[in-house]
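Here is a friendly briefing on charged side-chain pairs. Take a look at the sequence and the model first, and then read on.

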Amino acid sequence: MGLLIRRMVLLLLLAFSPSGFSQTLLVLGDSISAGYGLDVQKGWVNLLQKSLGTQHRLINASISGNTSADGLARLPLLLQQHSPDIVIVELGGNDGLRGYPVLGMQKNLSKIIQASQQAGAKVLLMGMQIPPNYGKRYTEQFENSFPALAKQHNILLLNKFLESVALKPGYLQEDGIHPSEIAQAELRDKVLQAVKPLL
């Protein structure tokens with residue numbers, strides 16, 4: 001009887017949702033979310049979709065090489081097309097790797113967050129990291145910008161998203177930057193735990 005009731009509730013939720021889903025999640029990211037070097041089906045975003053189930057729709061709008069400026073430029077059309085309930089922002093890594101000014105990245109991410117909120121979406125921000133060879137001052141400014149943005153806009157933060165996998169043997173590809181296939185399930189679990197309060 002309990003199973004039957006749960007199925008009826010799910011059907012009602014789907015019936016009253018214009019898209020047929022209870023919620024739509026949009027991932028706005030770069031190569032980390034696009035599954036660079038991997039079968040895209042084995043990337044953490046696709047694994048997250050499987051964990052969320054059919055009642056949630058997950059749109060992966062991630063493009064390898066994208067900077068915060070690229071994401072900002074693409075966002076208006078994505079918001080218009082998909083009307084997401086939740087936007088997961090995984091950007092900034094390429095800004096840091098290219099040595100772009102941290103203030104410029106912060107402004108772009110701030111505009112992404114504001115545009116998403118104005119469109120009625122909740123936001124989960126991923127805190128990114130860069131190798132230490134960029135210098136202590138730049139590295140600290142870069143990493144500290146993500147908690148500052150989360151506080152400024154009162155949004156959830158998954159800080160130092162890649163830290164745990166970066167420290168495990170075999171969890172990065174040969175380039176030492178992109179997570180390997182065996183790291184994807186752990187990344188999925190971290191995002192799932194972080195996004196749960198928004199579901």
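**Salt bridges at a glance**

Lys-42 is partly exposed, with a relative accessible area of 40%; partly exposed lies between buried (under 20% relative accessible area) and exposed (over 50%), using a 1.4 Å probe and protein chains only. This is a predicted model, in which local features need pLDDT of at least 70 and side-chain atom pairs count only at pLDDT 80 or more, while totals for chains, interfaces and linings use all residues. Residues are numbered from 1 along each chain as its sequence is written, and side-chain values use heavy atoms, leaving out hydrogens and water. The structure holds three salt bridges, each a side-chain nitrogen of Lys or Arg within 4 Å of a carboxyl oxygen of Asp or Glu.

**Loop to loop**
- Lys-42 pairs with Glu-181, their closest N and O atoms being 3.7 Å apart.
- This pair links distant parts of the chain, 139 residues apart: Lys-42 sits in the loop between α2 (31-34) and α3 (44-52), and Glu-181 in the loop between α8 (163-166) and α9 (184-195).
- Helices here are DSSP runs (H or I, at least four residues), numbered from the N terminus.
- Glu-181 is also partly exposed, at 44% relative accessibility.

**Helix to loop**
- Glu-186 forms a salt bridge with Lys-168, with 2.7 Å between the closest N and O atoms.
- Glu-186 belongs to helix α9 and Lys-168 to the loop between α8 and α9, so the bridge ties together parts 18 residues apart in sequence.
- Lys-168 counts as partly exposed at 35%.

**Arg-188 and Asp-189**
- The closest N and O atoms of this salt bridge are 2.6 Å apart.
- Arg-188 is buried at 16% relative accessible area, whereas Asp-189 is partly exposed at 42%.

Notes: Helix = DSSP H or I, 4+ residues; strand = E, 2+ residues; numbered from the N terminus.
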